[in-house]
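Work through the exercises below with the structure open. Each task is followed by its solution.

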Amino acid sequence: MKYDTLASEILAGVGGRDNVKSLVHCATRLRFKLRDRQRADAAALKENPGVIMVVESGGQFQVVVGNHVAEVYNAVNQAAGLGDGTAADDAGDGKKENLFSRFIDVVSGIFTPLLGVMAASGILKGFLALSLACNWLSGDGGTYKMLFAASDSLFYFLPIMLGYTAGKKFGGNPFVTMAIGGALTHPLMMAAFEAAQQPGAVREYFLGIPMTFINYSSSVIPIIFAAWVSCRLEPLFNRVIHSALRNFITPLLCLAITVPLTFLLIGPAATWLSHLLANGYQSIYAFNPIVAGAFMGAMWQVCVIFGLHWGLVPLMINNLSVLGRDTMVPLLLPAVMGQVGATLGVMLRTRDAKLRALAGSAIGAGVFGITEPAVYGVTLPNKRPFIFGCIGGALGGAVIGYFHTATYSFGLVSVFTFAQIIPAGGFDATVWGAIGGTLLSFCFAAVASYLFGVVPAEEAAPQDPKPVTPLNRKEIVVSPIAGEVMPLAQVNDATFASGLLGKGVAIVPLQGRVVSPVAGRVVSLFKTKHAIGIESENGAEILIHVGIDTVKLDGLHFTAHVQEGDWVKPGDLLIEFDQAAIHAAGFDTTTPIIVSNSDDYIDVLAGGQGRVQEQAPLLTLLR
């Protein structure tokens with residue numbers, strides 16, 4: 001239910017369903033293509049507690065939501081009726097995008113669906129390399145062979161996978177483009193390639209035209225170009241072929257034309273381009289790997305912030321396909337772990353309980369390669385830690401560049417990358433160089449952020465007139481509503497009843513008004529006015545949620561008397577609601593009162609059951 005609500009709010013923030021041309025997601029963010037950017041409300045989305053950040057880059061409106069992006073993506077698709085993420089009437093709006101924006105959009109659309117399984121396959125390959133280096137497995141054993149097949153199948157048949165995603169992205173029949181990818185890796189073609197490598201091999205022809213056989217296994221660029229050609233031919237054939245024959249004649253013509261064209265022209269040209277890109281990168285890297293490492297280590301997180309890192313993903317995969325290794329991914333390890341180290345430094349130094357909790361969760365995500373929570377939630381808002389993380393990334397990247405470390409499989413940059421940099425011969429200097437460079441980045445960023453990254457409270461400019469009060473070990477929360485007290489476990493809502501949102505009680509109201517239970521500040525007020533969050537002077541975070549599922553009323557029958565940021569004292573009127581009208585609409589007005597930061601307390605004690613009056617003691621918080 002929380003994803004459905006968030007999905008509706010995100011959809012409203014991007015201008016509604018009819019403003020969405022297409023939607024894909026990556027590891028932490030929803031990537032929208034919008035018809036009219038002016039209809040989107042980025043400021044409102046940034047204020048949404050379920051949204052980490054909003055970024056506009058590469059022709060995409062990107063909403064960062066964190067690790068549960070897949071669930072939110074499904075909920076948005078369902079709410080908008082997008083099906084596979086593409087609007088049914090996505091015929092274009094006549095607006096021209098610059099070439100770079102179109103490139104980023106195409107790349108992210110093709111590779112995003114495969115990112116998770118690519119990372120998983122790469123991690124499995126890395127563990128197999130580690131197992132061989134440590135003599136845990138034998139390369140001749142059945143266990144190794146089976147697991148290697150599982151880890152290698154995606155990359156070996158990558159043209160088939162990319163054929164499907166490219167076909168969807170280019171608006172054609174994805175199964176036709178998938179079949180084209182299958183032709184590139186078909187055993188007959190692979191056998192012809194092997195035969196062509198032998199001395200004295202006989203040249204083969206297609207309708208009298210000499211054929212050039214190339215190993216397209218694990219290739220990237222040839223199938224993307226071939227899929228684009230097929231998807232351009234498809235609408236041309238559909239316009240001239242009768243609807244009764246279109247379902248099989250159009251695929252027939254697309255296959256009969258595109259497959260030979262790919263083997264004769266597209267494949268060799270795209271392969272030449274692949275080698276050109278790989279060799280060009282190698283030339284730049286070889287010119288000064290230390291400078292290359294420092295640059296990538298410093299700038300990678302800046303690219304991630306704007307979602308521009310996708311432009312380098314095809315180059316990484318292409319390096320693996322052409323060269324059998326990639327030296328770019330190892331340079332990014334210090335960039336990722338630098339932000340993790342900076343977040344650790346902030347967590348150890350700050351006295352802000354909320355920032356400390358956020359940093360703790362962000363460290364766990366960052367170790368596994370997801371740095372957006374750390375960057376957007378911790379380091380970037382505090383400025384200095386982000387800079388220290390980038391400096392650490394530059395130092396570590398320079399070290400790794402010096403040792404010429406490479407990866408031998410593709411995956412997200414994370415702690416698992418260490419297993420993917422082990423060469424076939426086992427541990428060598430390149431592995432230890434990567435470990436040393438990453439530790440240097442992590443330790444520098446952590447120490448610098450601890451010493452200089454958090455501005456002491458006495459130096460910080462006051463943000464609001466919050467009075468300074470001593471931190472009490474016991475705090476009393478008075479009742480915000482007159483009514484009958486009931487245990488939280490009896491609430492007819494699994495989320496509240498389970499205590500997942502925090503400890504507390506529920507009240508069946510006797511009258512339609514909510515007053516402040518503590519002296520503090522209003523930190524959140526739902527736009528539907530059915531729920532409000534207050535932070536007390538002593539740090540208690542109180543959530544008052546009027547009714548069950550009343551968010552569906554969209555503010556009807558509710559009146560708010562305060563705004564976010566207002567200071568209140570016990571008894572101040574917060575919300576009024578028409579209890580009879582809410583009941584008539586079929587909703588339960590039982591109101592949970594939750595201490596959402598219950599983990600900061602030894603216990604949250606309820607004052608008992610029965611009738612309670614406004615401002616009577618309700619909860620006792622033991623710190």
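**Exercise 1: surroundings of Ala445**

Leaving out neighbours within four places in sequence, Ala445 is in contact with Gly338, Gly341, Ala342, Phe388 and Gly389; contact means heavy atoms within 4.5 Å. This is a predicted model: local features need pLDDT of at least 70, side-chain atom pairs count only at pLDDT 80 or more, and totals for chains, interfaces and linings use all residues. Residues are numbered from 1 along each chain as its sequence is written, and side-chain values use heavy atoms, with hydrogens and water left out.

Step 1. Ala445 sits in helix H19. Helices are DSSP runs (H or I, at least four residues), numbered from the N terminus.

Step 2. Buried means under 20% relative accessible area, exposed over 50%, partly exposed in between (1.4 Å probe, protein chains only).

Step 3. Along the chain, Ala445 and Met337 are 108 residues apart; their C-alpha atoms are separated by 8.7 Å.

**Exercise 2: Val447 and the patch**

Task: find which class Val447 belongs to, and which residues make the nonpolar surface patch.

Step 1. Val447 is also found in helix H19. Its relative accessibility is 48%, so Val447 counts as partly exposed.

Step 2. Leu348, Val447, Tyr450, Leu451 and Phe452 make a nonpolar surface patch of about 500 Å². Patch residues have over 30% relative accessible area and no salt bridge; nonpolar side chains (Val, Leu, Ile, Met, Phe, Trp, Tyr) are joined within 5 Å. A salt bridge is a side-chain nitrogen of Lys or Arg within 4 Å of a carboxyl oxygen of Asp or Glu.

Step 3. Helix H19 (residues 429-453) gives the most to this patch, with four residues.

Definitions and conventions: Patches are made of residues with over 30% relative accessible area and no salt bridge: like charges are joined within 9 Å, nonpolar side chains (Val, Leu, Ile, Met, Phe, Trp, Tyr) within 5 Å. Accessible areas come from the Shrake-Rupley method with a 1.4 Å probe; for residues, only the protein chains shown count as cover. Helices (H or I, at least four residues) and strands (E, at least two) are DSSP runs, numbered from the N terminus.
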